[in-house]
Amino acid sequence: MLAIEEIEQLTPANLSPLTVLTGDDVGQFELMKSRFLEQIAFDPADLNYTYFDVKETAYQELELDLVSLPFFADEKIVILDHFSDLTTSKKRFLTDEELQSFESYLKAPLETTKLVIFAEGKLDSKRRLVKLLKRDGQIFEAAVLKEQDLRSYFTRYIKEQGLNLSVPVFEQLLLKSGFQFGELTKNIAFLKDYKGNASIELADIDQAIPKTLQDNIFDLTQFVLKGQIDAARVLVRDLTLQGEDEVKLLAIMLGQFRTYAQVRLLADSGRTEQQIVSDLSDFLGRKVNPYQIKFALRDSRNLCLDQIKTAMMILIETDFQIKSGVYDKDYLLDMALLKIASK
């Protein structure tokens with residue numbers, strides 16, 4: 001069972017005396033945190049709950065609450081949020097002396113206090129304090145899910161939301177969300193607001209879900225390949241005004257052309273679409289989404305391998321020139337788009 005599913009079984013009554021929510025899958029962690037607070041019926045106005053933001057609270061204040069007896073019930077719940085001192089993050093909010101004092105409390109905690117710790121990121125297993133937490137506490141970790149687990153969870157989640165998605169639509173949703181837990185959760189919410197309980201179609205994915213940077217770079221690549229330089233320039237200007245860096249745009253474009261090259265090489269050697277998916281999965285060491293390969297084959301169908309190679313060389317050379325400070329980044333990117341279009 002996934003950590004987020006285990007959390008859905010919690011109640012204030014069965015909550016462990018020491019609970020830690022952690023993990024480096026940010027989207028999943030935030031959803032876990034939200035679900036956890038719902039499950040324990042957290043109410044900031046309820047005096048049986050105390051919430052402290054570690055990055056903003058003096059340690060002496062939260063320690064005093066830890067060792068204080070509850071006023072209105074037999075037990076109280078104390079929540080320590082943003083406890084990054086326990087993770088591999090370089091952010092530190094407590095001194096060594098304060099961490100030692102906290103460790104001393106954990107060795108002899110108050111029986112009437114249930115302690116909850118939110119520590120986004122990867123727990124630093126080398127720390128003695130973390131070893132103590134793992135030994136005595138219940139740990140819920142938002143680890144990056146394997147693709148199969150991600151698919152299984154969101155297949156159930158979509159049904160719970162009352163949505164109806166066919167297999168191709170679900171695959172497009174996964175691609176659109178980059179197989180990211182947080183993006184999938186957000187995009188499913190967009191679809192629900194947009195279509196309600198009606199059946200979701202492929203067109204709804206494009207209509208309801210905002211374009212990602214990957215989507216915009218795909219459009220940019222298509223503009224360039226079709227010789228629509230003015231449209232490409234407008235899109236580049238919009239992206240840079242939004243804070244995107246030219247080097248990042250080049251890197252994503254290069255990744256797209258690299259995928260085109262890979263599928264064309266395999267297709268030209270007589271490999272079927274299914275065999276291409278299998279070969280690339282073995283080569284890359286991860287499961288390649290078959291719909292991603294289907295779209296790459298479709299989009300590269302009218303390109304010869306020499307064109308793809310030339311585009312890749314132009315992008316690599318431009319990246320080197322930008323990083324060498326030869327000319328302004330916007331000028332070099334513009335020239336690269338012109339060169340690719342002319343080829």
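Trainee: In this predicted model, are helix 12 and helix 16 roughly parallel or roughly antiparallel to each other?
Mentor: The axes of helix 12, residues 246-268, and helix 16, residues 329-342, come within 10 Å and cross at roughly 25°. Angles under 35 degrees count as roughly parallel, and therefore the arrangement of helix 12 and helix 16 is roughly parallel.

Trainee: Is the crossing of helix 12 and helix 16 left-handed or right-handed?
Mentor: Two packed helices are described by the angle between their axes and the distance between the axes. For helix 12 and helix 16, the crossing also has a hand, and that hand is left-handed.

Trainee: Which residues in helix 16 meet helix 12, and how do the residues of this contact divide?
Mentor: From helix 12, the residues taking part are Glu246, Leu249, Leu250, Met253 and Phe257, and they meet Lys329, Asp330, Leu333, Leu337 and Ile340 in helix 16. Sorted by kind, the residues of the contact of helix 12 with helix 16 are seven nonpolar, no polar and three charged.

Trainee: Is Leu332 buried or exposed?
Mentor: Leu332 is found in helix 16, and, leaving aside neighbours within four places in sequence, Leu332 is in contact with Thr318, Gln321, Ile322 and Tyr327. Buried means under 20% relative accessible area, so Leu332, at 5% relative accessibility, counts as buried.

Trainee: What is the relative accessible area of Gln28?
Mentor: Gln28 lies in helix 2, residues 26-39, and, not counting residues up to four places away in sequence, Gln28 touches Ala142, Ala143, Leu145, Phe181 and Gly182. Gln28 is buried, and its relative accessible area is 1%.

Terms used:
Residues are numbered from 1 along each chain as its sequence is written. This is a predicted model: local features need pLDDT of at least 70, side-chain atom pairs count only at pLDDT 80 or more; totals for chains, interfaces and linings use all residues. Side-chain values use heavy atoms; hydrogens and water are left out. Axes are lines fitted to C-alpha atoms, for helices over the stretch in contact, and angles run from 0 to 180 degrees between N-to-C directions. Helices (H or I, at least four residues) and strands (E, at least two) are DSSP runs, numbered from the N terminus. Angles under 35 degrees count as roughly parallel, over 145 as roughly antiparallel, 65 to 115 as roughly perpendicular and the rest as oblique. A crossing is left-handed if the near helix is turned anticlockwise from the far one by less than a right angle, and right-handed if clockwise. Contact means heavy atoms within 4.5 Å. Ala, Val, Leu, Ile, Met, Phe, Trp, Tyr, Cys and Pro count as nonpolar, Asp, Glu, Lys and Arg as charged, and the others, Gly among them, as polar. Buried means under 20% relative accessible area, exposed over 50%, partly exposed in between (1.4 Å probe, protein chains only).
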